[in-house]
Amino acid sequence: MDLKETRLTSEPVLENSFLNVHRDTIRLPNGHTHERIVVRHPGASCVLALTAEEKVILVRQWRYAVDKPLLELPAGKLDHAGENPAECALRELAEETPYTAERVRLLHTFYTAPGFCDEKIYLYQAEGVRAGSTLQNDEDEFTETVLLGREAIRAALQNGEIVDAKTLIGLQYWLLNS
């Protein structure tokens, strides 16, 4: 069965440095036309990092869109087209927490909301983690570092304290594979 939808036209609705919103006219597999609103995003990296004491490094930060603070893995968008997602993961860990890593290993990639957005997240595992970052958050970003061990992570997952999708994916991966 042919499932491909083909873009016929694309009209920008909003364009800025963070994302672009387009109204696309598409041809459906049955030949009919339809309209789709699509959010174009440069992509992002998130990093699963553990201290020497086997505590996961998380950040709590206010998320305006949901009007509350969320507990998340350190993450951030790719700053420019062609940015290496591994370098982004290392930078975000060092900016959002007092920790750095020697390197990262790609665990998985996934789309956050493919029904309307093309954002792709690169999930990394940090290796050689140590305290001592001298980087700072972006000027519009405020984070609190939270360290949780395995049982505290399980409890936070069970009681709904962790609701961010990239963090759920990263922590479930860790719990299943460690």
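**Close-up views of a predicted model**

At 46% relative accessibility, E54 is partly exposed, a class that lies between buried (under 20% relative accessible area) and exposed (over 50%), with a 1.4 Å probe and protein chains only. The structure is a predicted model, in which local features need pLDDT of at least 70, side-chain atom pairs count only at pLDDT 80 or more, and totals for chains, interfaces and linings use all residues. Residues are numbered from 1 along each chain as its sequence is written, and side-chain values use heavy atoms, with hydrogens and water left out.

**View 1. E54 in a loop between two strands.** E54 sits between strand 4 (44-48) and strand 5 (56-63). Strands are DSSP runs of E with at least two residues, helices are runs of H or I with at least four residues, and both are numbered from the N terminus. Although E54 is not a glycine, its phi is positive, at about 65°.

View 2. With 15% relative accessibility, H22 is buried. Leaving aside neighbours within four places in sequence, H22 is in contact (heavy atoms within 4.5 Å) with S10, E11, P12, V13, E15, R36, I37 and V38. From C-alpha to C-alpha, H22 lies 6.5 Å from V39, a residue 17 positions away in sequence.

**View 3. R150 over the face of W174.** R150 is placed 4.4 Å from the ring centre of W174. A charge sits over a ring if NZ of Lys or CZ of Arg is within 6 Å of the ring centre and within 35 degrees of the ring normal.

**View 4. The whole protein, for orientation.** The protein has three helices and 12 strands. Its C-alpha atoms fill a box of roughly 60 × 35 × 30 Å along the principal axes. Of the 178 residues, 42% are buried. Among contacts with a separation of 6 or more, 53% join residues 24 or more positions apart.
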